[in-house]
Amino acid sequence: MVASVDAPGSGVGAVRRRPPARGAGVGVGDGVDRGGPVGCGDGDARATISAATPGTGFRFPTAESSPIGADARLLRWTSRALLLAGILSIAGAAAILSKAWIGQVLLGVAWQRALAGGVASAPWPGADTRPVARIVAPAQSADVLVLAGATGRTLAWGPGHLDGTAKPGTPGQSVVSAHRDTHFRFLEHAAVGDPIVVERVDGVRVRYRIVSTRIADADHLDIPREVDVPTLTLVTCWPFDAVAPGGPLRYVVVAEEMG
């Protein structure tokens, strides 16, 4: 309803209410302009909101695209990529450990044949190496078979004897290397005075005792070729708990034959 007042002097002095024009309604502004939210104004402003023109209603502005969805997708794919990388890393580590264990099992069979016949043969068909010695560390409960050649391919299966040095268990300087996280893991707990036993292909066992341990640069190991006492030098990477393989440092354990 719309209120109107008669002109002065008409004698009526009363307020008459004139009905709104047909088709008219209460617009959104009628409530907002009174200082309150829609529907909370005074008088007729509390009328139901209707469209001024049939078919016309509230129109909200189109929401802008949010980056939240894209960020969520990126986070999801990043998580999947990290999970896959973790699975591959674990699988790779498991493969290395399995290969090291299987290699020693196969070498054990070949070693028994060598002890029986006095001649070492290839541990499996197509192998380009053969077992040359057995190293036992009683204090660390370690027992490993040594392969000929200290190449990367050989070290995946077992410790490798460095070509050009004396064979383990014979006079001279014998050098054997292996990975710190598999076959030479026991060196982390080796100490001066601990015994090491070397078994040769002919079945003879030679006893050594550790005389020194040290950390050296890989390019400056300073291992003497000529020695007065039959010596066994064991070399592996250091530190033992390193995450990345390789590194510039080596752990060197020197043992001399016991008289």
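Is Glu-199 buried or exposed? I looked this up before anything else. Glu-199 has 7% relative accessibility, so it counts as buried. I keep in mind that this is a predicted model.

**Entry: salt bridges**

I counted the salt bridges next. The structure holds six. I then went back to Glu-199 and looked for its partners.

One is Arg-134, with the closest N and O atoms 3.2 Å apart.

Arg-205 has 55% relative accessibility, so I noted it as exposed. The cut-off for exposed is over 50%. Glu-199, at 7%, is buried.

I asked which residues are linked in the network of salt bridges. They are Arg-134, Asp-143, Glu-199 and Arg-205.

I also looked up Arg-185. Its salt bridge is with Glu-188, and the closest N and O atoms are 3.5 Å apart. Arg-185 is partly exposed, at 34% relative accessibility. Glu-188 is partly exposed too, at 35%.

**Entry: strand S6**

I moved on to strand S6, residues 173–177. How many of its five residues are buried? Five are, and the strand is mostly covered.

I checked which way the residues point. Gln-173, Val-175 and Ser-177 point one way from S6. Ser-174 and Val-176 point the other way. All of these are buried.

Then I looked for the strands that pair with S6. Strand S5 (residues 160–161) runs antiparallel to S6, and two bridges join them. Gly-160 has Ser-177 of S6 as its bridge partner. Strand S9 (residues 231–237) pairs with S6 in the parallel sense, over five bridges. There, Val-175 stands opposite Thr-233 of S9.

**Entry: Thr-213**

Last, I looked up Thr-213. Where does Thr-213 sit? I found it in strand S8, residues 205–217.

I set aside neighbours within four places in sequence and listed the contacts of Thr-213. They are Val-192, Tyr-251, Val-252 and Val-253.

I also noted the spacing to Val-254. The C-alpha atoms of Thr-213 and Val-254 are separated by 6.3 Å, and the two residues are 41 residues apart along the chain.

Definitions and conventions: Residues are numbered from 1 along each chain as its sequence is written. This is a predicted model: local features need pLDDT of at least 70, side-chain atom pairs count only at pLDDT 80 or more; totals for chains, interfaces and linings use all residues. Side-chain values use heavy atoms; hydrogens and water are left out. A salt bridge is a side-chain nitrogen of Lys or Arg within 4 Å of a carboxyl oxygen of Asp or Glu. Buried means under 20% relative accessible area, exposed over 50%, partly exposed in between (1.4 Å probe, protein chains only). Helices (H or I, at least four residues) and strands (E, at least two) are DSSP runs, numbered from the N terminus. Contact means heavy atoms within 4.5 Å. Two strands pair if DSSP finds at least two bridges between them.
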